[in-house]
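Hi,

Here is the structure I promised to pass on. Have a look at it first, and then read my notes below.

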Amino acid sequence: MKTIKVILFALLLLLAAWGRCAEIHDAALAGGQAAGLAYALGFSTYLFHTDQYAANYDICTDGQGFIYISGNTRDRNFPATAGAFQRELHGEADAFVVKLAPDGKIVFATLIGGSKREHHTRITVDGDGSIYLAGGTHSPDFPVTPGSYDTRFNGEGEWAGDVYVVKMDPAGSGIVWSTFLGGKVEETAGGIRIDSRGNVVVAGVTCSHDFPTTKGAIGSTFAKQVSFLSKFSPHGDALLFSTFLGNGTGDMITGLAVDRQDNIYATGYTATPDLPVTANAMRRDLGPGNDHFLAKVDGTGTRLLYLSYLAARGDVSAVLFWADPDRLAVCGSTAEDGFPITARALRTVRRGERDCFVAVFHSSDMKLEYSSLLGGSEADAIESVSFLDPDTVMVGGITTSANFPLTENALFSEFPSWEKTFNNTFWGRRKSFVSVIDIRNGRLLYSSYLGACFHIRTAADKGGSIAFIAEAGQREAAGTTGFPVSENALQEPPTYLMLGRLILNPIPVESNQKTGRNK
Ligand SMILES: [Ca+2]
Ligand SMILES: [Ca+2]
């Protein structure tokens, strides 16, 4: 039972979706929708000799197209750069942060961790280039800073210890502040975002009955495994609020966003039958399979503005992204029969085991504006979402469908029936994809397979280009990993981690009058 529990939690952690940077890409695609879109492979490279135990990467971009990735590694030869905060591995695993230029050159690479295991991370960056990291640690000597909110490790359970929250300087050479967050047993992070005042919002899950909650919080009743939302002051020295979200028995926040008014949006999976749904909820009762929830909480963490069950019978991952003026995209996968579909949907009837869903809410009143399915005849799931502009949604995910809807100008349209490339810890026939959807006109502007991999995270930058990080396979003696590699690749296989960037090239109107190949 103990082993099953550990495996289950490990699986949940592995599958938990990773947050995206809350960059708003207002200038991204002037005229882009009308023109249609095409992408070229800017770079695609193997990165780091990590192993299959390293997982749960995150990625975000900044206004200049720089790419930030985080994860955890057990690599004793991790290529940390000169001047990095930490260059040698501490204990069996550490977290890492790497910043890359838009062309894929490493700006810096650093480790961060204590003498025990750091296990997964979420990353975001602010307007000054400061980097914020939240993750899980088993290390009582994790590098926290004096004067931060909590400098003492609170204890660990079987699968996690405390959450850590770190603000790192833009050069990756020093920690501005670093704090623990947690109780006597397990907690880990599921998202990190910065609000308009520089406060740091952290989401995650805890199993500790003594997890710190603040007065007036939405929820302070502990159950077995509870989602939490916490907000730190800009200097990391005060917990502005901390609340449970529901009285969960197996919940996890996998997507987090903050809007211009500092309202907080969270999504994730739930197995809790009595979440405190609000009057305006889309669905009031727990659905079968992996159900998901969507919540909106005010910036003080004291008012629950929206809580609804959302999409049942899906993969565990659900993600969201907020953009001006008041658009909230929520994506994942579902096989729910009653899942609401709106006009202009790309697809209204589900195909196969489960399809992706793309739902866009009017965030001020949480009314559903647009909702569509997306997928082929097998299982499909979205693992990342960004807005390219308020009417254009970019999603990245994983599919096992050989007929996933692609556009004519897809960079990669082959779906091999047999992939000799995975190492045997991976499932075959899992391909990543990126798709761009015009929700105003209900058109697929771009859709392509990417490489074969286990999980992928994507993040669009201001110019509409798409950075990606993928958990690919290690090369067998005679194969490749099934992932496209550019000529300027930094490293050769065998590795585990793929990293790259698709560069947006708008193409003329007349050449984009074709609809998706398999629509
Ligand atoms: Ca460590
Ligand atoms: Ca703990």
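What follows is a quick tour, from the whole protein down to single residues.

First, a caveat: this is a predicted model. The protein has 2 helices and 28 strands. Of its 519 residues, 60% are buried. If you take the contacts between residues at least 6 apart in sequence, 69% of them join residues at least 24 apart.

Now for the inside. The largest nonpolar core has 145 residues, and those with the most contacts inside it are Val202, Ala329, Val330, Cys331, Val358 and Val393. I looked at Val330 in more detail: leaving aside neighbours within four places in sequence, Val330 touches Thr267, Leu294, Leu310, Ala318, Leu320, Ala359 and Phe361.

One sheet to look for is an open one with 4 strands, in the order E22-E23-E24-E25 and with antiparallel pairing. Its edge strands are E22 (380-389) and E25 (443-452), each of which pairs on one side only. From one strand to the next, the twist averages 20°. E22 and E23 (residues 392-399) are joined by 8 bridges and run antiparallel; Ile382, for instance, has Gly397 in E23 as its bridge partner.

Strand E10 (residues 187-194) is mostly covered, with 8 of its 8 residues buried. It is joined to E11 (residues 200-206) by 7 bridges, and the two run antiparallel. Thr188 stands opposite Val205 in E11. There are 5 residues between the strands of this hairpin, and Gly198 takes a positive phi near 85°.

Finally, a few backbone details in the loops:

- The peptide bond from Asp324 to Pro325 is cis, with omega near -5°. You'll find Pro325 in the loop between E18 (319-323) and E19 (327-334).
- Arg344 is not a glycine, yet has a positive phi of about 70°. Arg344 lies in the loop between E19 and E20 (355-362).
- Met366, also a residue other than glycine, has a positive phi near 60°. Met366 is in the loop between E20 and E21 (367-374).

Are those last two residues buried or exposed? Arg344 has 15 other C-beta atoms within 10 Å, so it is partly exposed. Met366 counts as buried because it has 21 C-beta neighbours inside 10 Å, and the cut-off for buried is 20 or more.

Happy browsing!

How values were computed. Residues are numbered from 1 along each chain as its sequence is written. Chains are lettered from A and ligands numbered from 1 in the order in which they are written. This is a predicted model: local features need pLDDT of at least 70, side-chain atom pairs count only at pLDDT 80 or more; totals for chains, interfaces and linings use all residues. Two strands pair if DSSP finds at least two bridges between them. Axes are lines fitted to C-alpha atoms, for helices over the stretch in contact, and angles run from 0 to 180 degrees between N-to-C directions. A residue is buried if 20 or more other C-beta atoms lie within 10 Å of its own, exposed if 12 or fewer, and partly exposed in between; C-beta atoms are placed from the backbone. Two residues are in contact if their C-beta atoms, placed from the backbone, lie within 7 Å. A nonpolar core is a set of buried Ala, Val, Leu, Ile, Met, Phe, Trp, Tyr and Cys residues joined through C-beta atoms within 7 Å.
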